[in-house]
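Visitor: I have not looked at this one before. Can you walk me through it?
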Amino acid sequence: RHLPIGEATLLLTTSPIFTVILSSILLGERLLYTDYVALLFGITGTTLIAQPDFLFNSEDVVPRPKIYYLAIVVALARGFFKASKFIAVNRTTEEVATILIVFYLACVSFTV
């Protein structure tokens with residue numbers, strides 16, 4: 001069984017969660033109380049949708065194939081790398097012209 005489209009879409013849109021975490025770590029941005037609450041809701045929602053077996057282990061559930069978990073990891077990695085792109089663009093906008101950044105992002109996105 002493959003990863004359902006709803007779960008895949010949810011996992012592919014986790015980049016805001018990773019962006020907040022990475023901006024706090026790499027850019028030194030302060031997180032407000034509301035940021036922590038939003039992160040908690042985002043991570044909880046993602047966990048409830050993905051339902052990993054180590055948290056939701058039930059004996060009556062059909063075991064999932066290993067490719068299912070690989071799909072989850074790939075989708076989460078996409079969210080992480082998209083967030084990394086946002087952080088990199090934030091750091092380089094002071095040194096590089098915006099039009100050049102947009103051009104290279106379009107070239108890389110087109111080839112990938």
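Predicted model: local features only at pLDDT ≥ 70, side-chain atom pairs only at ≥ 80, totals over all residues.

Visitor: Ok, helices. At what angle do the axes of H2 and H4 cross?
Guide: Roughly 45°, and the axes come within 8 Å. H2 covers residues 15-26 and H4 covers residues 66-92.

Visitor: Left-handed or right-handed crossing?
Guide: H2 passes H4 in a right-handed crossing.

Visitor: Which residues of H2 make the contact?
Guide: Ser-15, Phe-18, Thr-19, Leu-22, Ser-23 and Leu-26. On the H4 side the residues include Gly-79, Phe-80, Ala-83 and Ile-87.

Visitor: What classes are they?
Guide: The contact of H2 with H4 has eight nonpolar, five polar and two charged residues.

Visitor: New topic. How many aromatic pairs are there?
Guide: The structure holds four. One of them is Phe-18 with Phe-80, an edge-to-face pair because the ring planes stand at 90°, with centres 5.8 Å apart.

Visitor: Where do those two sit?
Guide: Phe-18 is in helix H2 and Phe-80 in helix H4, so the pair ties together parts 62 residues apart in sequence.

Visitor: And which cluster are they in?
Guide: Phe-18 and Phe-80 form one aromatic cluster with Phe-81.

Visitor: What about Tyr-68 and Tyr-69?
Guide: Their ring centres are 5.5 Å apart and the planes are at 90°, so that pair is edge-to-face.

Visitor: Is Tyr-68 buried or exposed?
Guide: Buried, at 1% relative accessibility. Tyr-69, at 27%, counts as partly exposed.

Note on methods
Residues numbered from 1 in each chain as written. Heavy atoms only, no water. Axes fitted to C-alpha atoms, helices over the stretch in contact; angles between N-to-C directions. Helix = DSSP H or I, 4+ residues; strand = E, 2+ residues; numbered from the N terminus. Left-handed = near helix turned anticlockwise from the far one by under 90°. Contact = heavy atoms within 4.5 Å. Nonpolar A, V, L, I, M, F, W, Y, C, P; charged D, E, K, R; others polar. Phe/Tyr/Trp six-rings, centres within 6.5 Å; stacked < 30°, edge-to-face > 60°. Buried < 20%, exposed > 50% of the residue type's maximum accessible area, 1.4 Å probe, protein only.
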